[in-house]
Every structure is written in structure tokens, then in C-alpha cells.
Amino acid sequence: MALTSLNFTSSHGTRTAVGALQLDALISEETTLDSYATTYPVEDGGTITDHVSSDAERLSLSGQVTSASVTLFGPGGWQKLVQAKDVLRQIHEARLPVSISTGLDTYEEMVMERCRIGRSNEGDHFTVDCDFRKIVKAELKTEAVPEDKAAPKVKGKAGASRTSGGKASIQDLSGKGQQDATEYVNRALGIGGDGISPGVQ
């Protein structure tokens, strides 16, 4: 079952979408757009937008499902309520983004954070209260450092991936360095004393 649209019917007869489910009535729709501004002073001439962060968009929906008019793949009556509740469970368990269309707006990449399903003895229906949050996707970018911005010692020496670091030769070491290397290898091999050392020479 593709969880792509959950449908409500508004007072204007338009459909609202979240999963493969159609609900009878859209009771309320609330969109929340929060931003957080710094509480610290901003330097004169500074960019204000650098000191304000925007929270992900949130959506709260309330709707109603009845056994009389809800549509879900054909079956009717009480079974419709059972299947409608099952679809809401699947949306919750899948933890995947869904698209929501309310007739007034369309919300993409929304994830269900909360769903309350309530029923009373007043008839064959239940109410649904859902909270969704938009998933904001970041895009990884690679930028080249301009030559004039590079430190003097690394100009013209741009690195490359999967490049061998080279090998060090014992001949490249000073006399003291060669002696220290020989003693290190001999200690590691447990060789010492007056015997002939087969270590690094």
C-alpha cells in the first residue's frame, strides 16, 4: 500500500491528502512557521539573516472518519473504520515522508510526529488529530579553494584522493635516526645483548 495521500473533505467539497486514506471531514488545519532570533547584540553592518534560524514547517490537522462515507479501496461499513485506523498505523510505523494536500495548500516531505484517534458511543465514526513536521534536506557541496586564498606554503600543491603517500627509505634517515630505528626493531623482535642483530642495518 503506497502511503502517499491522506484525504479529507473540506466544507467546500475539496479533498485533503496524507496516505492511501480518505477521511470525511477536515475539521481544522493549522500551519506553524517558527523562527529563532539571536538574543545577543548584532554588530552594526552585520547580516541579520546570519542571526536568525528557521525551524521546520509544522502542520496540525483534525478530521473525522465515518463508516458511512469514508472511501478506502471499496469496502464499506464498519470494516472501513478498521482499515482507516490500520492505514494511520502504517503511516506511523513506516516513518516515511508523505505528501499532504488540504485543498488550501500542499505540503511535501511531511513526517507524522503524533496521531490521536478517538471514538465515542455516539455513532460509527472516530476523530483523528495529527501533527506533522517537514523534513528539510541538506545538499552536500564541494567547493575549490581559490589559489589566492590558500596559504603560501600550500599554493600549487592541491591534494588528490587515492594518491599514495610514498615510502620512506632507511637511507633517508640521519645516522642517529638509523640507529634509533635499528634499536626499535631489535627491541620489538626481542633481540639484544652481544649477538648479531638481524634488525634494520
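Colleague: Why is Thr 66 called buried?

Modeller: In this predicted model, Thr 66 has a relative accessible area of 15%. Buried means under 20%, so Thr 66, at 15%, is classed as buried.

Colleague: Where is Thr 66 found, and what does Thr 66 touch?

Modeller: Thr 66 is found in strand β7. Leaving aside residues up to four places away in sequence, Thr 66 touches Asp 24, Leu 81, Asp 124 and His 125. A contact requires heavy atoms within 4.5 Å.

Colleague: Strand β7 also holds Ser 62. How do you know whether Ser 62 is buried or exposed?

Modeller: Ser 62 lies in β7, which spans residues 58-66. The relative accessible area of Ser 62 is 15%. Because buried means under 20% and exposed means over 50%, Ser 62 counts as buried.

Colleague: What makes the approach of Ser 62 to Asp 129 a polar contact?

Modeller: The side chain of Ser 62 meets the side chain of Asp 129 at 2.5 Å.

Colleague: What links strands of a sheet in general?

Modeller: Strands of a sheet pair through backbone hydrogen bonds, in either a parallel or an antiparallel manner.

Colleague: To which sheet do these strands belong, and what makes β4 and β8 edge strands?

Modeller: The sheet is open and has five strands in the order β4-β7-β10-β9-β8, with antiparallel pairing. Strands β4 (25-32) and β8 (98-101) are its edges, each pairing on one side only. From one strand to the next, the twist averages 40 degrees.

Colleague: Which elements does the protein have, and in what pattern?

Modeller: The protein has two helices and 10 strands. Along the sequence, the pattern reads β-β-β-β-β-β-β-α-β-β-β-α.

Colleague: How much of the protein is buried, and how much accessible surface does the protein have?

Modeller: Of the 201 residues, 24% are buried. The accessible surface comes to about 14300 Å², and carbon and sulfur atoms account for 50% of that surface.

Colleague: What share of the contacts with a separation of 6 or more joins residues 24 or more positions apart?

Modeller: Residues 24 or more positions apart account for 53% of those contacts.

How values were computed:
Residues numbered from 1 in each chain as written. Predicted model: local features only at pLDDT ≥ 70, side-chain atom pairs only at ≥ 80, totals over all residues. Heavy atoms only, no water. Helix = DSSP H or I, 4+ residues; strand = E, 2+ residues; numbered from the N terminus. Buried < 20%, exposed > 50% of the residue type's maximum accessible area, 1.4 Å probe, protein only. Areas by Shrake-Rupley, 256 points an atom, 1.4 Å probe, with all protein chains shown as cover. Polar contact = N/O pair within 3.5 Å; in protein donor to acceptor, adjacent residues only side chain to side chain. Pairing = 2+ DSSP bridges. Axes fitted to C-alpha atoms, helices over the stretch in contact; angles between N-to-C directions.
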